[in-house]
Amino acid sequence: MHRSLIASFALYSAALLLTLFTLAPLVWLVLMSISSPNDLTSVPLNWWPTEVDLSRYGHLVDLNNGAGQRFLAALRNSLLTAGGATLIALIVAVPAAYAFSRRGASLALLFVFLATIMMPPITYVLPLYEIFGGLGALNKTTTLIIVYSAMLLPFATWLMKSNIDVLPVEIEQAAFMEGASTAFTLRRVVLPLALPAIAATCMLSFLVAWDEFFYALIFTSDLSAKTLPVAIADFSAGRVTDYGVIASVGVLATLPPAILAICFQRFIVSGLAAGSVKG
């Protein structure tokens, strides 16, 4: 198919506009992180730094100062909570999705699961706070992993089910005819075919847990469990706010998800697209 000149111009213009709209906040965040305080507070605002200041990044990765201790502790907590919750959600979601897709498990139950993530988070805060408080489990990364796992499980199950639905059932039937068990078939037949879906689910689940703020704010109180979203908010507290430091923390906080996306990029699109159609 050949597009007209006008159609091609409109298409590329729309793509360029979308790219600028997407990248502009990130570019401005980077510029803020390397700008001096005078550039960030001058009127009119200096959109381009008069001098490049990389010292904030050095402070944030240095354990010998307060800012570095807060950032690195929050980074560790975010990696533990988001990574642990994603792993647990995937371990449970894959067999659950297979049961819904291939074993005739009630879809009404799946919709009940989905309904739990449609409720506002504040609905669950009071009972969860009472439970974890009674168990002495507040301000612990384990608590956040449990909460995030429960939050991610319905989403991960639904996404995995839609991808397993489109896998050819004849391959599984052939394995069963050879005497393979359900566990063996799931592990050796279904999982290799569903690898793109697993990668996409892992990536999206990790992002949801990585960016979660509300539960982390309520259930944590110090560096032993605070995650990056809460730590970024803490950097803005006080009478004097260093916007450059906040921007630097924001830039560094985007690196783990970006690295994960780069590692799984060849699986993500195919995994998301595979569950969008049935063939």
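This is a predicted model: local features need pLDDT of at least 70, side-chain atom pairs count only at pLDDT 80 or more; totals for chains, interfaces and linings use all residues.
I looked at the lining of the largest pocket first: by class it has 12 nonpolar, one polar and one charged residues. Nonpolar here covers Ala, Val, Leu, Ile, Met, Phe, Trp, Tyr, Cys and Pro, charged covers Asp, Glu, Lys and Arg, and the others, Gly among them, count as polar.

Residues are numbered from 1 along each chain as its sequence is written, and side-chain values use heavy atoms, with hydrogens and water left out.

I then checked the pocket itself (an open set of points on a 1 Å grid over the protein atoms alone, where a 1.4 Å probe fits, with protein on both sides within 12 Å along at least five of seven lines; lining residues have an atom within 4 Å of a point). The largest one holds about 340 Å³ of space, a volume being the space filled by probe spheres set on the points. T116, I117, A150, M151 and Y215 lie nearest its centre. Helix α7 (DSSP run of H or I, at least four residues) gives the most to this lining, with five residues.

Next, I went through salt bridges (side-chain nitrogen of Lys or Arg within 4 Å of a carboxyl oxygen of Asp or Glu) and got three. R102 and E172 meet at 2.9 Å, N to O. R102 is in α4 and E172 in α8, so the pair ties together parts that are 70 residues apart in sequence. Both R102 and E172 are buried (under 20% relative accessible area, 1.4 Å probe, protein chains only).

Conventions. Helices (H or I, at least four residues) and strands (E, at least two) are DSSP runs, numbered from the N terminus. Buried means under 20% relative accessible area, exposed over 50%, partly exposed in between (1.4 Å probe, protein chains only).
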